[in-house]
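Please walk through this protein chain with me, from its overall layout down to single residues. Keep the sequence and the 3D view side by side as you read.

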Amino acid sequence: MKTIWDRLRSEDRVLSLCTIAVAISLFLPWHTYAILSIKGTTDGFHSWGLLTAFGVLLMAFVLTSEGRVFARYTPKISLAAWRVIGALVMFAGAALYLTIGPGSYHSSEVPVNYGPAFGAYAAFLIGLAALLLTFRQGRKPIE
């Protein structure tokens, strides 16, 4: 019996590695803050990072399940489209986190220093690579 890794095409293996890398980046610091003398970081499981986590779960399901599941429950949406949707959700979560941010810390009385950290940038870049890879795969027929 073949393992899931053996069943995947080379492009899907790269997409799987991108998904694993984004999943690991969720545990890295996504946001740093410093309020007075208190400094800290938050990981990717906050705010828009949860959208990225959902995209990782969706991509994991799409890559590990057989096409019959999608053909039965979503007959009008192809497996390639589900790959694009999963990569888009992964990328969109990180992009929204970087543009909108996790929330507002504005205060006129207390000096606050905050901003995105390297985990959000890593998820953004790897998610973008995964999205571009799925668009490339979309031009090829899926077996």
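Predicted model: local features only at pLDDT ≥ 70, side-chain atom pairs only at ≥ 80, totals over all residues.

The protein chain holds 6 helices and 3 strands. Read from the N terminus, the order of elements is α-α-β-β-α-α-α-β-α. The chain has 143 residues, and 38% of them count as buried. Its accessible surface comes to about 8,600 Å². Carbon and sulfur atoms contribute 68% of that surface. Now take the contacts with a sequence separation of 6 or more. Residues 24 or more positions apart account for 73% of them.

Start with helix H2, residues 10-25. Which residues of H2 are buried? They are Glu11, Asp12, Leu15, Ser16, Cys18, Thr19, Val22 and Ser25. The spacing of such a list can be read against helix geometry. An α-helix has 3.6 residues a turn, so residues three or four places apart point the same way. Buried Asp12, Leu15, Thr19 and Val22 are among the residues to look at with that in mind.

Next comes the partner of H2. The axes of H2 and H3 come within 10 Å and cross at roughly 150°. Angles over 145 degrees count as roughly antiparallel, so H2 is roughly antiparallel to H3. The crossing of H2 and H3 is left-handed. On the H2 side, the contact is made by Asp12, Leu15, Ser16, Thr19, Val22 and Ala23. On the H3 side, Thr52, Val56, Met59, Ala60 and Leu63 take part.

Is Ser16 buried or exposed? Its relative accessible area is 10%, under the 20% cut-off, so Ser16 is buried. Apart from neighbours within four places in sequence, Ser16 is in contact with Trp5, Leu8 and Leu63.

Thr64 belongs to helix H3. With a relative accessible area of 38%, Thr64 is partly exposed. Not counting residues up to four places away in sequence, Thr64 touches Ile4 and Arg7.

H3 also packs with H5. Helix H3 covers residues 49-64, and its axis comes within 7 Å of the H5 axis. How do H3 and H5 run, parallel or antiparallel? Their axes cross at roughly 160°. That makes H3 roughly antiparallel to H5. The crossing of H3 and H5 is left-handed.

H5 itself spans residues 79-99. Its 21 residues, at 1.5 Å each, should span 30 Å. The end C-alpha atoms of H5 are 30 Å apart, which agrees. Ile85 is found in this helix, H5. Ile85 has a relative accessible area of 33% and is therefore partly exposed. Ile85 and Leu58 are 27 residues apart in sequence, with C-alpha atoms 8.5 Å apart. What follows H5? Gly101 does, with a positive phi near 90°.

Most residues other than glycine have a negative phi. Ser47 is not a glycine, yet its phi is positive, about 50°. Where does Ser47 lie? Ser47 is in the loop between E2 and H3. Its relative accessible area is 34%, so Ser47 is partly exposed.

Finish in strand E2, residues 38-42. Thr42 has its place there. At 18% relative accessible area, Thr42 falls under the 20% cut-off and so counts as buried. What surrounds Thr42, leaving aside its neighbours within four places in sequence? Thr42 is in contact with Leu28, Pro29, Trp30, His31, Tyr33 and Tyr97. Of these, trace Tyr97 in the 3D view as one of the contacts of Thr42.

Technical notes:
Residues numbered from 1 in each chain as written. Heavy atoms only, no water. Helix = DSSP H or I, 4+ residues; strand = E, 2+ residues; numbered from the N terminus. Expected span 1.5 Å × (residues − 1). Buried < 20%, exposed > 50% of the residue type's maximum accessible area, 1.4 Å probe, protein only. Contact = heavy atoms within 4.5 Å. Areas by Shrake-Rupley, 256 points an atom, 1.4 Å probe, with all protein chains shown as cover. Axes fitted to C-alpha atoms, helices over the stretch in contact; angles between N-to-C directions. Parallel < 35°, antiparallel > 145°, perpendicular 65-115°, else oblique. Left-handed = near helix turned anticlockwise from the far one by under 90°.
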